[in-house]
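Let's take a walk through a protein model together. Keep the picture open beside you as you read.

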Amino acid sequence: MIAAAAFYLFAAVLIASAVMVVTSRNPVHSVLFLILAFFNAAALFLLAGAEFLAMILVIVYVGAVAVLFLFVVMMLDVDFSALREGFQRYAPVGGAVGLVLFAELVFVFGSWSFADDVGGLRLNPTPEGVDNTRAIGRILYTDHVWLFQLSGLILLVAMIGAIVLTLRGRPASKRQDIGAQVARSGSVNLRQVRPGAGLGEIGIERPPVEAPKPVKQVEHHGHDHGGHH
């Protein structure tokens, strides 16, 4: 009874926070609601017996990804008026894409059927003697290792594409040439200087020091008969 109540509570908060992520006008608030959604999803994983997935969700997504989103949103100067104009311009296209996705979800869930022994699988999620972390590792890195590597390759291609699309060359920017710095050919000459000779041995002279200018003395002439200075 307590587990069911906790499941419905976390699920309700998760759905509400997910809706607020999409509908919030302030991007910072959207990221904060996203962090709340991650925490509730981690709680649902704990209730399902997948403690490893719950910890990964909190450590990776909340501790790294969501915080990165928050810092990026806070540092960017977002023009909300331009965003609203773009939303109004592309609202018909977005609505059409949303309807297509909704139709696909209805088709998928309409043809969904549960297995006959689903109750037994839920009560025994892992084989006896195998913990949750080891079972997930066996599925990812043994049974479906090629699909796991393919997903990493897709993410790598997406990262390279994002860098290429956003990289802009600046003609005034200075670039570091590691090869020229390591070679140092023609830029450094070694000279042997006699002990006590000083820098004058290699042609470096100190700039001449100008003599201090004499201070002008101001003479005061007194007037007779009680005159003033």
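Where does UniProt place the feature "transmembrane region"? The unreviewed entry puts it at residues 6-24, 31-50, 56-78, 90-115 and 146-167. Keep in mind that what you are looking at is a predicted model.

Residues 6-24 are 95% helix and 0% strand, and their end C-alpha atoms lie 26 Å apart. Residues 146-167 are also 95% helix and 0% strand, with 31 Å between the end C-alpha atoms.

Now find helix α7, which covers residues 132-143. Its twelve residues reach 15 Å from the first C-alpha to the last, close to the 16 Å expected at 1.5 Å a residue.

Which residues of α7 are buried? They include Asn-132, Ala-135 and Ile-136, each with under 20% relative accessible area. Looking down the axis of α7, you would see its buried residues fall within an arc of 100°, so they line one face of the helix.

What covers the buried residues of α7? Part of the cover is α3, residues 51-75. The two helices, α3 and α7, pack at an angle of about 80°, and their axes are 8 Å apart. That angle makes α3 roughly perpendicular to α7. To see where they meet, look for Glu-51, Phe-52 and Leu-53 in α3, which contact Asn-132, Thr-133 and Ile-136 in α7.

Technical notes: Residues numbered from 1 in each chain as written. Predicted model: local features only at pLDDT ≥ 70, side-chain atom pairs only at ≥ 80, totals over all residues. Heavy atoms only, no water. UniProt positions renumbered as here; feature names shortened; annotations may be inferred. Helix = DSSP H or I, 4+ residues; strand = E, 2+ residues; numbered from the N terminus. Expected span 1.5 Å × (residues − 1). Buried < 20%, exposed > 50% of the residue type's maximum accessible area, 1.4 Å probe, protein only. Arc of directions from axis to C-beta. Contact = heavy atoms within 4.5 Å. Axes fitted to C-alpha atoms, helices over the stretch in contact; angles between N-to-C directions. Parallel < 35°, antiparallel > 145°, perpendicular 65-115°, else oblique.
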